Amino acid sequence: MEKVRRIQISLLILFTASLFVISISIPALAHKVTIFAWVEGDTIFTESKFSGGKRAINAQILVFDRQGKQLLEGKTNDKGEFSFKIPKVADLRIVLNAGMGHRAEWTIPESEIREASGLLGNKRAGESSQPLAVGLSREEIGDLIEESLEKKLGPIVRMLAESQSKGPSVTEIVGGIGYIFGLMGVALYFKNRGKQRHREDRDD
Amino acid sequence: MHISEGILSAPVLITGAALAAAGISVGLKKMDSDKIPEVAVLSSVFFVASLIHVPIGPSSVHLIINGINGLLLGWLCFPSILVALTLQAILFQFGGITVLGVNTLNMALPGVICYYLFGRLVNRETRLVSLAAAFSCGFFAVLFSGILVALSLLFTEESFISAVTLILLAHLPVMIIEGVITLFCVAFLKRVKPEVFGGIYGKGS
């Protein structure tokens with residue numbers, strides 16, 4: 001009986017182990033969506049993905065301000081992207097609703113929007129544009145810097161977006177299984193202690 | 001099929017948590033110390049299964065393995081699935097802590113239902129009946145889960161019918177795959193250890 005039980009348990013462990021190996025070898029994709037949003041100029045770009053990298057296509061996007069007023073609504077395209085002009089200079093809460101109970105949020109603080117678009121505009125309005133020695137006006141230089149910065153920072157922003165939607169790592173998977181077996185140990189310990197106490201009571 | 005945080009309203013969350021707590025207490029009461037290792041192993045199977053993505057269909061779906069959990073554990077699949085879902089919520093951010101009750105109920109209850117529906121049939125001597133029951137167990141556990149998820153979303157989505165068809169259509173490949181997995185597991189376990197299907201709850205109860 002004891003032997004049979006041991007065989008049974010080792011078979012189940014084998015089954016788990018094989019599932020585990022499969023789950024690591026296939027890029028892990030599962031039930032979690034993430035949305036990542038950033039500001040470029042006067043436009044806000046968003047990228048929505050399921051955990052592991054599958055894009056959330058045709059998912060609903062809602063934009064709220066801090067008071068919870070809905071500013072606009074849209075749907076992601078077939079790359080999981082959705083972009084819109086800044087509707088209001090305020091803290092924006094962007095909610096992704098990918099259906100079947102999948103939801104994610106991203107907040108863009110007011111300062112970020114101001115930095116990306118507002119500040120530049122303020123300066124332009126405030127200072128008279130003195131032509132510089134090179135023959136370029138202040139705002140032209142500003143635009144050039146802005147443009148090249150966006151070009152240079154683009155890949156970094158995209159990389160950040162990628163890292164937002166990484167699936168679970170091997171450490172987390174192994175850690176989780178470890179937790180389960182640790183819990184098993186704790187449960188067995190308490191069950192057996194109860195039994196032992198019961199036995200001692202009977203012996204007394 | 002994990003429902004994310006911030007979707008469900010408080011009454012739904014509380015009802016789900018209360019029902020899940022009831023199921024878990026039944027499961028814990030019926031748990032024998034002999035059964036604990038098996039519960040742990042099936043819990044880790046469930047924990048890992050969610051990482052296996054089924055790349056068919058428009059949405060992101062994954063294996064659930066609640067049919068085998070229910071078939072082999074009966075009511076014990078409530079604690080088993082609770083542990084796995086808690087760890088998924090903490091480590092993978094699937095679902096979430098506040099929706100834990102609803103998610104546990106949605107996954108574990110179909111397991112228990114399938115145990116009562118198909119458990120006896122799986123035990124039958126006739127090979128065909130037994131295997132057909134095993135397939136149905138895996139298949140219907142996912143189907144019932146889909147219906148429960150749609151029911152939980154009843155107060156958030158506009159229409160129940162559209163939610164249910166969307167979820168069930170997306171999970172059709174998963175249902176079939178899980179049916180086949182359950183079938184192979186049962187065929188295998190019947191050959192090497194037929195006793196596993198009888199007397200789940202130990203001698204006491």
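A nonpolar core is a set of buried Ala, Val, Leu, Ile, Met, Phe, Trp, Tyr and Cys residues joined through C-beta atoms within 7 Å. The structure examined here with that idea in mind is a predicted model.

In the largest nonpolar core there are 79 residues, and among them B:I81 and B:C137 touch the most other members. The elements that give two or more residues to this core include α4 of chain A, residues 170-203, and several helices of chain B, as the table sets out.

| Element | Chain | Residues |
|---|---|---|
| α4 | A | 170-203 |
| α1 | B | 10-30 |
| α2 | B | 36-49 |
| α3 | B | 66-73 |
| α4 | B | 77-92 |
| α6 | B | 127-152 |
| α7 | B | 160-192 |

Helix α5 of chain B also belongs to this list of contributors, while the largest share of the core, 13 residues, comes from α6(B). If neighbours within four places in sequence are left aside, B:C137 is in contact with B:G67, B:L71, B:C114, B:F118, B:V122 and B:T182. Besides this core there is a second, separate one of 20 residues, which includes A:V33, A:F36, A:I61 and A:A104. As a general background, nonpolar side chains tend to be buried together in soluble globular proteins.

Chain A holds four helices and seven strands, and when it is read along the sequence the pattern is α-β-β-β-β-β-β-β-α-α-α. Four of the strands form an open sheet in the order β4-β3-β6-β7, with antiparallel pairing. At its edges stand β4 (70-75) and β7 (102-108) of chain A, each of which pairs on one side only, and from one strand to the next the twist averages 20 degrees. Within this sheet, strand β6 of chain A, residues 92-99, runs antiparallel to β7(A) and is joined to it by seven bridges; A:V95 stands opposite A:E105, a residue of β7(A).

For chain A as a whole, 26% of the 204 residues count as buried. Among the contacts in chain A with a separation of 6 or more, 55% come from residues 24 or more positions apart.

Definitions and conventions. Residues numbered from 1 in each chain as written. Chains lettered and ligands numbered in written order. Predicted model: local features only at pLDDT ≥ 70, side-chain atom pairs only at ≥ 80, totals over all residues. Pairing = 2+ DSSP bridges. Axes fitted to C-alpha atoms, helices over the stretch in contact; angles between N-to-C directions. Buried ≥ 20, exposed ≤ 12 C-beta atoms within 10 Å, placed from the backbone. Contact = placed C-beta atoms within 7 Å.
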